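Please open the model in your viewer and keep the selection tool at hand, as this tour moves from one selection to the next.

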Amino acid sequence: MKKIIIAIDGYSSCGKSTMAKDLAREVGYIYVDTGAMYRAVTLFAMRGGMFDADGNIDSARLEQALPEVNISFRLNEETSRPDTYLNGECVEGVIRGLEVSSRVSPVAAVPAVRAKLVAEQQKMGRDKGIVMDGRDIGTVVFPDAELKIFVTASAEVRAQRRYDELKAKGMPADFDDILKNVKERDYIDSHRATSPLRKADDAVELDNSHMTIAEQKQWLMDRFREACAH
């Protein structure tokens with residue numbers, strides 16, 4: 001069977017990463033979490049004191065410091081999933097908290113950050129056999145991807161999922177704060193000047209608000225088989 005590129009885009013907390021990881025494992029492809037890459041840059045900026053009191057990013061300082069940012073993925077033997085490393089340090093846990101989540105959209109809107117990470121992502125996909133999820137994979141990173149999926153769900157459903165996920169990890173969570181963060185990220189992601197979040201013309205839409213995991217997996221496998229058959 002020929003190898004293809006699978007691009008999964010969509011709103012935050014739609015479960016894109018989980019479905020992309022599962023699909024990659026099922027079909028034997030490499031999985032790349034582009035959201036984790038932007039989160040790692042955000043953590044780097046936070047540690048470097050590049051945000052002001054109002055949460056605005058000093059984009060000029062960040063742009064200058066970008067050569068110091070090295071992001072890599074290593075397989076976690078226990079979870080069989082890739083962990084995110086920032087300059088050699090495993091940051092998988094810390095980048096998932098609300099502190100990073102609430103600052104990632106302004107960082108992702110910095111053109112120099114997107115240029116650096118898109119170039120790295122394109123390099124990763126050269127040999128195909130890859131599943132990548134994010135905001136602009138089907139529109140910017142891999143406009144020629146053989147399978148493009150755009151995932152959506154209601155803001156309330158997504159906030160509840162994020163709340164449940166944080167609670168399960170024993171992390172502090174407030175539903176109203178999370179819902180506010182989800183809506184703010186939707187707005188910023190959809191309205192930024194560089195690579196805004198939008199559905200590619202040839203993407204298949206998946207609204208998973210009321211789908212079970214099993215139904216979603218079956219839907220994805222059906223789309224994968226169709227794309228490989230072409």
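What volume does the second largest cavity have? The second largest cavity has about 30 Å³, where a cavity is a set of points on a 1 Å grid over the protein atoms alone at which a 1.4 Å probe fits but cannot get out, and a volume is the space filled by probe spheres set on points joined across faces, edges and corners. This is a predicted model, in which local features need pLDDT of at least 70 and side-chain atom pairs count only at pLDDT 80 or more, while totals for chains, interfaces and linings use all residues. Residues are numbered from 1 along each chain as its sequence is written, and side-chain values use heavy atoms, with hydrogens and water left out.

Next, select Thr-18, Met-19, Asp-22, Leu-23, Glu-26, Ile-213, Gln-216, Lys-217, Leu-220 and Met-221, which line the largest cavity, a space of about 90 Å³. Both α1 and α10 (213–229) supply at least two residues each to that lining.

Finally, select Ser-12, in the loop between β1 (5–10) and α1 (16–27). Ser-12 counts as buried because its relative accessibility is 2%, buried being under 20% relative accessible area with a 1.4 Å probe and protein chains only.

Definitions and conventions. Helices (H or I, at least four residues) and strands (E, at least two) are DSSP runs, numbered from the N terminus. Buried means under 20% relative accessible area, exposed over 50%, partly exposed in between (1.4 Å probe, protein chains only). On a 1 Å grid over the protein atoms alone, a cavity is a set of points where a 1.4 Å probe fits but cannot get out, and a pocket is an open set with protein on both sides within 12 Å along at least five of seven lines; lining residues have an atom within 4 Å of a point.
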